[in-house]
Amino acid sequence: MTPPSVAIPPGTVTAPTRSPAAASPAPVAPPPENYDALINSFGREVGKLFESNQKYPAVARTRNQQGSLELVFEFDNGQLVNVSVKQSSGFSVLDNAAVEVGRKMKLPPFPGSLAQRKFSFVLPVNYRLQGS
């Protein structure tokens, strides 16, 4: 069986030419950064540091107060601009203690180009008394 043929009008097909610029390949740009992955990685590091700096407020311990909350960390051009409570634990003493730790702790270095960006992330925080 003969394959079907297609008629191409004369003058429509040209042989490829090689220009001097095409002799060397164009420089390859680095792949774009995955900002979500960078923020997640940075958030995990902040979470580890937060846990190592977290202290149970004495008044909350005395009152047997415990709970979970969510903090929002906001950054702009390499600066921490705000730490706030997104979801309260139900106890202002725990919420305020968490915000204070977030504002005062030494932050890890920013990965990639996060130091030049505006971003935020949410950090879950738990206050649990031993034996509860």
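**Exercise 1. In what order do the elements of the chain run from the N terminus on?**

Solution. The model is predicted: local features need pLDDT of at least 70, side-chain atom pairs count only at pLDDT 80 or more, and totals for chains, interfaces and linings use all residues. Residues are numbered from 1 along each chain as its sequence is written, and side-chain values use heavy atoms, with hydrogens and water left out.

Step 1. Take helices (H or I, at least four residues) and strands (E, at least two) as DSSP runs, numbered from the N terminus. The chain has three helices and three strands.

Step 2. Read from the N terminus, the order is α-α-β-β-α-β.

**Exercise 2. Classify the aromatic pairs of Phe-42 with Phe-110 and with Phe-121.**

Solution. Step 1. A pair of aromatic rings is described by the distance of the centres and the angle of the planes. Rings of Phe, Tyr and Trp (its six-membered ring) pair if their centres lie within 6.5 Å; planes under 30 degrees apart count as stacked, over 60 as edge-to-face and the rest as tilted. This rule gives 10 aromatic pairs.

Step 2. For Phe-42 and Phe-110, the centres are 4.8 Å apart and the planes form an angle of 20°, hence a stacked pair. Phe-42 belongs to helix H1 (residues 35–53), and Phe-110 to the loop between helix H3 (92–104) and strand E3 (118–127), 68 residues apart.

Step 3. Apply the burial classes: buried is under 20% relative accessible area, exposed over 50%, partly exposed in between (1.4 Å probe, protein chains only). Phe-42, at 2%, is buried, whereas Phe-110, at 21%, is partly exposed.

Step 4. Phe-42 and Phe-121 are edge-to-face, with 6.2 Å between centres and 85° between planes. Phe-42 is in helix H1 and Phe-121 in strand E3, so this pair ties together parts 79 residues apart in sequence. Phe-121 has a relative accessible area of 9% and is therefore buried.

Step 5. Ring pairs link Phe-42, Phe-73, Phe-75, Phe-110, Phe-119 and Phe-121 into a cluster.

**Exercise 3. Over which ring does the charged end of Arg-117 sit?**

Solution. Step 1. The criterion is NZ of Lys or CZ of Arg within 6 Å of the ring centre and within 35 degrees of the ring normal.

Step 2. The ring is that of Tyr-35, with the charged end of Arg-117 3.6 Å from its centre.
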